Amino acid sequence: TIRLAPGTYNWTSTLILQTDADVTFAGTVGKGGELLTTLDGGGVRQIFQTVATNMTFRDLRFQNARAGGDGGAIITGGMRLIANCEFDSNVSSLGGGAICLTGPQNTLLEDCVFTNNSAQFAGAVFHPQNSNTNPLSPTLRRCEFYDNTASGTGGAMASGGSSPTYDSCTFVGNVMQMTPPSGWNWSGEIGR
């Protein structure tokens with residue numbers, strides 16, 4: 001476990017993680033439950049790229065991250081858990097303003113809040129691929145999506161060819177600018 005002390009960490013380069021080890025990045029939580037550890041992309045860089053199926057992110061705030069491709073703050077080919085994290089004002093020029101979950105995977109997102117993230121596809125979370133031979137899909141449990149935007153489809157969440165599970169999630173004020181194509185699952189609101 002890598003535990004980060006309270007404070008704002010200004011990210012200077014994308015951290016690329018590839019490991020089979022059981023790794024947890026954990027922030028610090030205040031007495032009232034507030035997140036005290038912030039990872040800030042400075043409006044110019046993505047924070048994590050990872051293919052690490054035993055990895056967990058917990059109790060972290062991701063803000064102001066930016067990707068020229070998918071996944072404003074995080075792009076992952078699969079990890080175990082993203083829990084009690086906040087994603088605020090992250091941007092992707094393609095899919096997933098906050099997170100892009102690439103390929104078949106069963107990552108669990110639990111108790112996360114997504115606010116004011118934006119992308120071309122899926123303002124907050126994008127799961128663009130699946131497979132007939134490996135139909136794994138992510139699960140989102142008690143996640144909240146507020147005021148995320150997509151210039152294309154999927155104001156909050158978009159998935160193509162996969163079937164994410166939503167358990168007690170909240171979607172408010174998310175906006176997409178186009179009608180979704182047939183055969184894809186898109187979650188978003190055209191108007192406020």
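The legends below describe close-up views of a predicted model.

Residues are numbered from 1 along each chain as its sequence is written, and side-chain values use heavy atoms, with hydrogens and water left out. Local features need pLDDT of at least 70 and side-chain atom pairs count only at pLDDT 80 or more, whereas totals for chains, interfaces and linings use all residues.

**View 1. An open sheet of seven parallel strands.** The protein has 26 strands and zero helices, where strands (E, at least two residues) and helices (H or I, at least four) are DSSP runs numbered from the N terminus. Seven of the strands form an open sheet with parallel pairing, in the order β2-β5-β8-β12-β16-β20-β24; two strands pair if DSSP finds at least two bridges between them. At the edges stand β2 (7-10) and β24 (170-172), each of which pairs on one side only. From one strand to the next the twist averages 10 degrees, with axes fitted as lines to C-alpha atoms and angles running from 0 to 180 degrees between N-to-C directions.

**View 2. The pairing of β12 with β16.** Strand β12 (residues 86-88) and strand β16 (residues 113-115) are joined in the parallel sense over three bridges, and D88 stands opposite T115 in β16.

**View 3. The stacked rings of F114 and F145.** The ring centres of F114 and F145 lie 4.8 Å apart with their planes at 10 degrees, so the pair counts as stacked; rings of Phe, Tyr and Trp (its six-membered ring) pair if their centres lie within 6.5 Å, and planes under 30 degrees apart are stacked, over 60 edge-to-face and the rest tilted. The pair links distant parts of the chain, with F114 in strand β16 and F145 in strand β20, 31 residues apart. F114 is buried at a relative accessible area of 0%, and F145 is likewise buried at 0%, where buried means under 20%, exposed over 50% and partly exposed in between (1.4 Å probe, protein chains only). Both rings belong to one aromatic cluster, whose members include W11, F87, Y166 and F171.

**View 4. The surroundings of N148.** N148 sits in the loop between β20 (144-146) and β21 (149-150) and is buried, with a relative accessible area of 0%. Its side chain makes a polar contact of 3.0 Å with the side chain of N174; such a contact is a pair of N or O atoms within 3.5 Å, and within protein one must be able to donate a hydrogen and the other to accept it, while residues adjacent in sequence count only if both atoms are side-chain atoms. A polar atom of the N148 side chain also lies 3.5 Å from the backbone nitrogen of N116.
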